[in-house]
Amino acid sequence: MGKLTKKQKLAAEKIEAGKAYSLKEASALVKEITFTKFDASVDIDVRLGIDPRKSNQMVRGVVSLPHGTGKVTRVLVLCTPDAEAAAKEAGADYVGLDEYIEKIKGGWTDVDVIITMPSIMGKIGALGRVLGPRGLMPNPKSGTVTMDVAKAVKEVKQGKIDFKVDKSGIVHTSIGKVSFTADQIRDNAKEFVSTLIKLKPSAAKGTYIKSIYLSSTMSAGIKIDPKSVEEI
């Protein structure tokens with residue numbers, strides 16, 4: 001293992017080994033242990049007591065973070081001509097249909113979210129091989145297949161994110177930036193975990209929230225006491 005830099009040593013000294021911090025403490029500490037020159041993302045990892053291999057224990061959903069993600073989200077709206085003006089006004093970065101479908105077939109995926117309408121899904125189905133592996137395929141469950149594309153665009157731009165448990169039973173997502181205040185990080189983390197709790201599958205037995213870790217880009221993870229999430 002390589003030697004730690006001075007900043008890495010300083011960060012390591014701030015984290016007490018084996019301690020589970022309160023969400024409030026962790027939200028402040030993650031800012032203290034981050035020394036990147038750029039505005040690092042704040043990530044949360046939650047290990048769930050489920051078996052993701054079973055369909056009745058799959059956890060997937062959407063959450064609107066109170067303070068947004070701090071990221072610039074590039075949105076493509078694939079819609080009929082009558083909905084284009086509203087989508088553009090709502091803040092969509094790209095709006096159209098056939099020309100973008102052809103671009104995607106050619107390998108273009110330079111966007112973060114794709115929103116479309118139910119009537120358009122027939123055309124988009126053929127793009128599954130390109131969009132699926134990149135997590136860009138529109139899905140009614142995530143609110144990206146809707147008649148009200150303008151509303152969907154606004155929600156995504158304001159901090160709505162979708163998430164899905166991985167094969168290891170862990171849900172990982174970014175909930176903000178280090179430039180956020182500690183209270184903003186705490187609020188976003190609390191909203192995310194609260195949403196996970198609401199989505200607990202009825203088939204899940206035993207402890208549901210097994211562990212929570214908060215970290216920033218290139219920082220160590222801070223263990224959080226799950227019970228502290230319910231604290232004000």
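Visitor: Which strands does helix α8 lie across, and at about what angle does α8 run to β7?
Guide: Helix α8, residues 182-198, lies across β1, β7 and β8, and runs at about 155 degrees to β7. Helices (H or I, at least four residues) and strands (E, at least two) are DSSP runs numbered from the N terminus, while angles run from 0 to 180 degrees between N-to-C directions, with axes fitted to C-alpha atoms, for helices over the stretch in contact. This is a predicted model, in which local features need pLDDT of at least 70 and side-chain atom pairs count only at pLDDT 80 or more, whereas totals for chains, interfaces and linings use all residues. Residues are numbered from 1 along each chain as its sequence is written, and side-chain values use heavy atoms, with hydrogens and water left out.

Visitor: What's the strand order in the open sheet of four strands?
Guide: The order is β7-β1-β8-β9, with antiparallel pairing, where two strands pair if DSSP finds at least two bridges between them. β7 (170-177) and β9 (222-224) each have a single partner strand, so one side of each is left without a neighbour in the sheet.

Visitor: And how many bridges join β1 and β8?
Guide: Strand β1 (residues 41-48) pairs with strand β8 (residues 209-216) over seven bridges, in the antiparallel sense, and V46 has I212 in β8 as its bridge partner.

Visitor: OK, new topic: which residues touch the most other members in the largest nonpolar core?
Guide: That core has 35 residues, and those touching the most other members are I44, V46, L48, I175, F192, I212 and L214. A nonpolar core is a set of buried Ala, Val, Leu, Ile, Met, Phe, Trp, Tyr and Cys residues joined through side-chain atoms within 4.5 Å, and buried means under 20% relative accessible area, exposed over 50%, and partly exposed in between (1.4 Å probe, protein chains only). Helix α8 gives the most to this core, with five residues.

Visitor: What about salt bridges, how many are there?
Guide: The count comes to nine salt bridges, each being a side-chain nitrogen of Lys or Arg within 4 Å of a carboxyl oxygen of Asp or Glu. One of them joins R74 and D110, whose closest N and O atoms are 2.4 Å apart, and this pair links distant parts of the chain, 36 residues apart.

Visitor: Is D110 buried or partly exposed?
Guide: D110 is partly exposed, because its relative accessible area is 38%.

Visitor: Which residue pairs with D183, and where do they sit?
Guide: D183 meets R186 in a salt bridge (3.7 Å, N to O), and both lie in helix α8, three residues apart.

Key
Contact means heavy atoms within 4.5 Å.
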